[in-house]
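This report describes selected local features of a protein model. Please consult the sequence and the structure shown below while reading.

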Amino acid sequence: MVRATINGKTCEFQDGATILAAARSIGIDIPTLCHDDRIEPAGACRMCLVHIHDGGREAASCATVITEGMVVETESEEGENSRRWNLRMLAKDYPAEAFNAYPEVPLHRLATDHGLTDADFSQFQPGRTDDSHTYIRVDMSRCIKCFACSRICDELQGQFVWQVAGRGENMALVPDSYGAFGESSCVSCGACADVCPTGALEDKSILKYGAPTSWTRTTCPYCGTGCEMDVGVLNDKIVQIKPAKDSPVNKGHLCVKGRYSFDFVDAPDRVTTPMICQNGEWRSVSWNEAIQFCAEKFTSTIEEHGPDAVAVLGSARATNEENYLAQKFARVVVGTNNVDCCARVCHTPTAAAMKMMIGTGAATNSFDDIELAKTIVLCGTNTTENHPIPGARIKKAVINGAHLIVIDPRRTELTKYADIHLQLRPGTNVPLFNSLAYAIIDEGLTDQNFIRHRVDEFEEFRKFAADYTPEKVANECGVDPELIRRAARIYATAKPAMLFHGLGITEHFQGTEGVMTIVNLALLTGNIGVPGAGVNPLRGQNNVQGSAHMGCDPGILTGSASIESVRGLFEDVWGTHIPEKGGLNQLQMMDAARSGKLKALWTIGYDVFLSNANAHATAASLDDLDLCIVQDLFFNETAKKFANVFLPAVSSYEKDGTFMSSERRVQRVRRAVSPRGDARSDREIICTMAAAMGKGKDFAFESPQDVWEEIRRVWPAGYGITYDRIDKSGLQWPCHSEDHPGTTILHAKEFSGRKTAALKRIKYRPTKETVSAQFPLLMTTGRTLTQFNAGTMTMRTPNTELRPTDLLTMSPADAVTLGVANGEKIRLVSRYGEALLPIEISRQMQPGQVFATFHDPRVFLNYATSEHRDRFTQAPEFKVTAVRVEKLAG
């Protein structure tokens, strides 16, 4: 600590703090224009000048460190005169029209505070407006060359879009397209507009609707990163969203989806009244009629066919509280363990593998470990597109010196920054990771001390791994064996080393086992239980971690505990018996419906038909149901074709509760706008349905907080997480008591009650899905930056301008062979079905492999995806489908 005096007030300040930070810490405001806590100080605008008595000098407070004994005056006459003079210099070339039109812009507010008027500003009309960007308007007549936009783009996003062109008076900021901003490499994170103090870069939404009059802190409804955001509302309409600058997760940053993709809330096709379909005709009904209809159908089905003829699907888009109620409804009201969620088709293999090996099926570390890691390994994850905020942090870490290894069939953005890219053939994860393990052992790079105290079955594994030398697997994997060895050396020696993996690992025939081979690497090298390391799944949806953890899984209850291990606790709290019979997972539900055993399905916030692989089989299953209830914001594809009842739900912007992120962090969700029409929260709908079926007393929750209090009673590891404690910032479980700080790193001393963990000997079992003369190309599928999953939300926003539809990406060599051009619509055919979509030619792809996104229901890619499933969890093998490409006639 240092002791210094500011404006006559003597205090102690943190070592290394700037004068600006020190002043703000004691409530003294110093004006700034170019400064933002998210970027390095520049002192370019000179608004933050202060007088330092020692030597009688003026200094930029944002860039000057406060030192012992320093005496600072922030409001001296000289300082105020300097600010006023600087503002007049800026104003003489700045349009008066903008100054008058937007009084709340930081520059305009500061000018007014210092006595400037319309007469101080330029009377010339602005003439350099660029509206080519989907979300941001550019007006360089308002640029004051503070370079905040360029600095935040470089330092926070790592995109380097804004370039300085020219010199002296001719100096200007231009996008890297050197033309229209909309044609640049901008990824629409909005950081430049957020930091701009003049409106030279401005969100189009507030120009269209007006500036917000209220702000609400909540959590992003898209990927599983858990970014916190401030939602700006005007007249009960969302008009702007900004990143929460003090969030421990995203640290003042958002991606295009969180920042701009909110228009779905008021989309014209939003359904806000309950509906029933009878004799092929949909009609609007009251909530009473809809609930009574469903309750009677459920009751008659249970009476005629038994409780296991009914199933419930929770939702990754619903809150923890609502998913808890969904699984409780299945078990207490219906009397079945037939409950699941969309985790089944993405990261259930991760949860199963990690729980089997190290006791907990969740990320071992936190996103803050990215900056501590000396090596980062990305396995089957296109992080900058699918989890853009961790992706940007990884990019920045690598720029700052961390090693990066990318393991992916495609050349994703981060491969440009990688030390090594292992561009394996899809479906060969297991032999590749086994060979990395072999190389670590063979070259004597294991952590012998960690193995001695924390690892079992090393000798057995060492002998097993000898069958997977890099030289033996090279041909199968399509990877140079020397690259495998180099990657193994970096991971094992440049420690701590942090593993991230995505659906490129889990959505395979050996998905669960593939995750186990990754855990093996961490155990062999001691890269677990320490900062900057661990095994970290990147969860795909905002609350997919929470939906399963709350018990939307046939084999577990809240807290991811097996039913038998906590049966007594739950039966005591619930006051009823939990079904003994094992339940069906989502894929088994589809099988049971097709065989006539499952009669009724309630799917909450989940477009099963569009989302499942092999859509023809899913259609056959859903078509055989007697009752299909869809609960969502819109008539999704499941509702359009198979539903009997549609129950309109609210979005996360219209309700309260909590989400759980990839790093095990429980965070608040808060209502920013009122529910649209007659739409209700999932909590209200489930509780009303339970009451209609005679179980109202078991679902007598007046608020989400009431539900959370019951969750705390049945989940010991979450007991210490209360609404009061997470009001300002989330907490990571385990958190056993109300004075527990939460857990940022798992397995520091033991593996969930066990001292040791055993290495798993995973034999490679090739997928049955192989190329042939008829289907010569290997297709993998995934998401893209600007669209999200089934497109329910993003396809109803201007993101459709950025990505209008799904694309099939192929190599230039394959495009030449097939005679197809960029943008040409083709027919994609597999053994299971077909889809029509445009071609994108890209060097990302290797010859013989193609990649397609699955967001657009008009394309409906899953008509063509494979029927194969993970051996352990039934997760579909989305990542490997043999296909051919046909040109369309005419």
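Is Glu 459 buried, partly exposed or exposed? Glu 459 is partly exposed, because its relative accessible area is 39%; buried means under 20% relative accessible area, exposed over 50%, and partly exposed in between, with a 1.4 Å probe and protein chains only.

## Basis of the report

The model is predicted: local features need pLDDT of at least 70 and side-chain atom pairs count only at pLDDT 80 or more, whereas totals for chains, interfaces and linings use all residues. Residues are numbered from 1 along each chain as its sequence is written, and side-chain values use heavy atoms, with hydrogens and water left out.

## Salt bridges within helices

A search of the whole structure finds 57 salt bridges, a salt bridge being a side-chain nitrogen of Lys or Arg within 4 Å of a carboxyl oxygen of Asp or Glu. One of them joins the side chains of Glu 459 and Arg 462, at 2.6 Å from N to O. Both residues lie in helix H16 (residues 458-465), three residues apart, about one turn of the helix. Helices (H or I, at least four residues) and strands (E, at least two) are DSSP runs, numbered from the N terminus. Arg 462 is partly exposed, with a relative accessible area of 34%.

Glu 637 and Lys 640 form another salt bridge, in which the closest N and O atoms are 3.0 Å apart. This pair belongs to helix H26 (residues 637-642); because the two residues are three residues apart, about one helical turn separates Glu 637 from Lys 640. An α-helix has 3.6 residues a turn, so residues three or four places apart point the same way. Glu 637 is buried, with a relative accessible area of 16%, whereas Lys 640 is exposed at 52%.

Which parts of the chain does the pair of Glu 513 and Arg 765 tie together? The side chains of these residues meet in a salt bridge of 3.7 Å, N to O. Glu 513 lies in helix H20 (residues 511-525) and Arg 765 in the loop between strand S32 (757-758) and strand S33 (777-782), so the pair ties together parts that are 252 residues apart in sequence. Glu 513 counts as buried because its relative accessibility is 3%, while Arg 765 is partly exposed, with a relative accessible area of 33%.

A network of salt bridges links Asp 442, Glu 443, Glu 471, Glu 482, Arg 485 and Arg 489.

## Helix H5 and its cover

Helix H5 (residues 148-157) is largely enclosed by the rest of the structure, because eight of its 10 residues are buried. The buried residues are Ala 148, Cys 149, Ser 150, Arg 151, Ile 152, Cys 153, Leu 156 and Gln 157. Their cover includes strand S8 (162-165), strand S9 (172-175), helix H6 (191-195), strand S10 (201-203) and helix H13 (388-399). Gly 158 follows H5 and has a positive phi, near 70 degrees.

Thr 375 has its place in strand S18 (residues 375-379). At 0% relative accessibility, Thr 375 counts as buried. Not counting residues up to four places away in sequence, Thr 375 touches His 403, Ile 405, Ile 490, Tyr 491, Ala 494, Pro 496, Ala 497 and Met 498, where contact means heavy atoms within 4.5 Å.

Ser 315 is found in the loop between strand S16 (310-313) and helix H10 (320-334), and counts as buried at 1% relative accessibility. Leaving aside neighbours within four places in sequence, Ser 315 is in contact with Asn 323, Ser 547, Ile 604 and Gly 605. Phe 860 lies in the loop between strand S37 (849-853) and strand S38 (881-887) and is buried, at 6% relative accessibility. Phe 860 and Ala 835 are 25 residues apart along the chain, and their C-alpha atoms are separated by 6.5 Å.
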